[in-house]
Amino acid sequence: MNDVRPMIEVRGARKFFGPLEVLKGIDFSVARGQIVAVIGPSGSGKSTLLRSINHLETLDGGEVWLDGVQVNQKLDRRAFERHINRVRQQMGMVFQHFNLFPHLSVLENITIAPIKLKGMPKAEARTLALKMLDKVGLADKIDAFPARLSGGQKQRVAIARALAMQPKVMLFDEATSALDPELVDEVNLVMKQLAAEHMTMVIVTHEMRFAAEVADRVIFMADGAVVEEGKPEDLFRNPTQERTRGFLKKFLNG
Amino acid sequence: MDISLVGRIIPVFVQAAWTTVELSLISLAIGLAVAALIAGLRLSHVAILRFLGTAYVSVFRGTPALIQIFLLYFGGPQIGIQLEPFAAGAIALGLNIAAYMAESIRGGVLSVDRGQMEAARSLGFAEGQSMRWIVLPQAAKLMIRPLGVNAVALVKGTALVATISVVELTYTAQRFIGSTYKPFEIFAVTAVLYMIMVYGLTLIIDRLDRAYAGEA
């Protein structure tokens, strides 16, 4: 509680896609160990917001900070490239479509970054990979190739890959949206486990129930702006904004 | 049909075909090296480099290979480039096929899902590292077929350098017609020899393709 510096801080984030303003000045912060779920209709800008945290999207205005370091600071091209590569090593990202490397085995998917970027010896990286795979319940798949895995397994390997860099935060971009319904739970379970370990997480999701269960705070976005945010029990039960009520109603009825 | 003529010319023609093979291999090496460079330019973030790459492809695909060969061999000495026929032919063919091969390479790179680059970058890999360890190994697989098509076109295209008297298969054929007046037999033998070369190349491409495909 004394550690007041937020792990992630976004100030006045603005982003345009052509003439369309997809982020209209967003402010939010995530404390160390906090889990924030971002919900909202498609096109609300929630994925763009998440992707701008690790600079996969470049903001047109505003600042992003990670643990006291500005992510999108102004540097010349080369210096920024070095800077951003360093910063990204501290942020794990999990994508909707997994984006595992199909030409590499599960082991190599997980170890390539620690080996190449941190200079970790191969034997040590293998031990680490086993530990991470154990965590996601897939230690027996270490030598498999991604093509042989189910969607749920792929996503769990993708989580293990991100965790192997021992990041300070984990960013989830609709991690279960591309999965068959019966495979969603196994991925959610892994995320809950991470939550129990006090990993700082930002979770962009369509799953209201999961958001309510796992998040400390929920942010509802629409049209590139934060409409409402609060504890899940407040936001889901007593939304103060008409827009939030409308969105949630659609979900409850659907 | 003069079968005995066919028997008599075959040793010489096989030797000439070997020159065609050598010419093809050297042009292929030049072509691949230049193509990699041009593809790199075409994929660059820097507008001027991209423009240079595009310009190269437009020029070499937009003009006849024969004119490119003539320009280098006949036009070269005028600007201080004096080359033997074989060297001029190999270089001109290599530079020409490079324009096509650059597009095959670029196509392969662009066919790799964008998410692969994003996943690599999000782990902290620099762009060059992501290219080398993540995108290119996957792109290589996708390039084999189109590059193979380019290579086949190159082998057949070597016939053009007969016009600058490189003593390869087609030149040899023309010379023998001059002394025997039997164009049917001679061009038939020539065609069969080209077919054998192209068939051999196709086998190699198939094998490469299968070797790579089996990996994933």
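The axes of helix α4 (residues 122–135) of chain A and helix α5 (residues 151–163) of chain A come within 9 Å of each other and cross at roughly 135°. Axes here are lines fitted to C-alpha atoms, for helices over the stretch in contact, and angles run from 0 to 180 degrees between N-to-C directions. Helices (H or I, at least four residues) and strands (E, at least two) are DSSP runs, numbered from the N terminus. The structure is a predicted model, in which local features need pLDDT of at least 70 and side-chain atom pairs count only at pLDDT 80 or more, while totals for chains, interfaces and linings use all residues. Residues are numbered from 1 along each chain as its sequence is written, chains are lettered from A and ligands numbered from 1 in the order in which they are written, and side-chain values use heavy atoms, with hydrogens and water left out.

On this basis α4(A) and α5(A) are oblique to each other; angles under 35 degrees count as roughly parallel, over 145 as roughly antiparallel, 65 to 115 as roughly perpendicular and the rest as oblique. The crossing of α4(A) past α5(A) is right-handed. A crossing is termed left-handed if the near helix is turned anticlockwise from the far one by less than a right angle, and right-handed if clockwise. In the contact (heavy atoms within 4.5 Å), Met132(A), Leu133(A) and Lys135(A) of α4(A) meet Val157(A), Ala160(A) and Leu163(A) of α5(A). By class, this contact of α4(A) with α5(A) has 5 nonpolar, no polar and 1 charged residues. Ala, Val, Leu, Ile, Met, Phe, Trp, Tyr, Cys and Pro count as nonpolar, Asp, Glu, Lys and Arg as charged, and the others, Gly among them, as polar.

Chain A also contains an open sheet of 6 strands with mixed pairing, in the order β6-β7-β8-β3-β9-β10. Two strands are taken to pair if DSSP finds at least two bridges between them. The bridge partner of Val38(A) in β9(A) is Ile219(A).

An open sheet of 4 strands in chain A has antiparallel pairing and the order β2-β1-β4-β5. Its edge strands are β2 (20–30) and β5 (69–70) of chain A, each of which pairs on one side only. Helix α1 (residues 46–53) of chain A packs on this sheet, where it touches β1 (8–17), β2 and β4 of chain A, and its direction makes about 60° with that of β2(A). The antiparallel pairing of β1(A) with β4(A) extends over 5 bridges, and Arg14(A) has Gly61(A) in β4(A) as its bridge partner. Strand β4 (residues 61–66) of chain A is likewise joined to β5(A) in the antiparallel sense, over 2 bridges. Here Leu66(A) stands opposite Val69(A) in β5(A), and Trp65(A) stands opposite Gln70(A) in β5(A). The hairpin formed by β4(A) and β5(A) has 2 residues between the strands, and Asp67(A) in the turn has a positive phi of about 50°.

Chain B has 8 helices and 0 strands. Its C-alpha trace spans about 70 × 45 × 20 Å along the principal axes. Helix α2 (residues 47–62) of chain B packs against helix α4 (residues 85–111) of chain B at an angle of about 125°, with their axes 9 Å apart. These helices, α2(B) and α4(B), are therefore oblique to each other, and their crossing is left-handed. The contact involves Tyr56(B), Val57(B), Phe60(B) and Arg61(B) of α2(B), together with Leu95(B), Asn96(B), Ala98(B), Ala99(B), Tyr100(B) and Glu103(B) of α4(B). The residues of this contact of α2(B) with α4(B) comprise 7 nonpolar, 1 polar and 2 charged.

For chain B, an unreviewed UniProt entry places the feature "domain: ABC transmembrane type-1" at residues 17–205. UniProt positions are given in the numbering used here, feature names are shortened, and annotations may be inferred rather than shown by experiment. Over residues 17–205 chain B is 83% helix and 0% strand, with the end C-alpha atoms 20 Å apart. The feature "transmembrane region" is placed by UniProt (unreviewed entry) at residues 23–43, 55–74, 86–102, 147–166 and 186–205 of chain B. Over residues 23–43 of chain B the chain is 95% helix and 0% strand, and the end C-alpha atoms lie 30 Å apart. Over residues 147–166 of chain B the corresponding values are 55% helix and 0% strand, with the end C-alpha atoms 25 Å apart.
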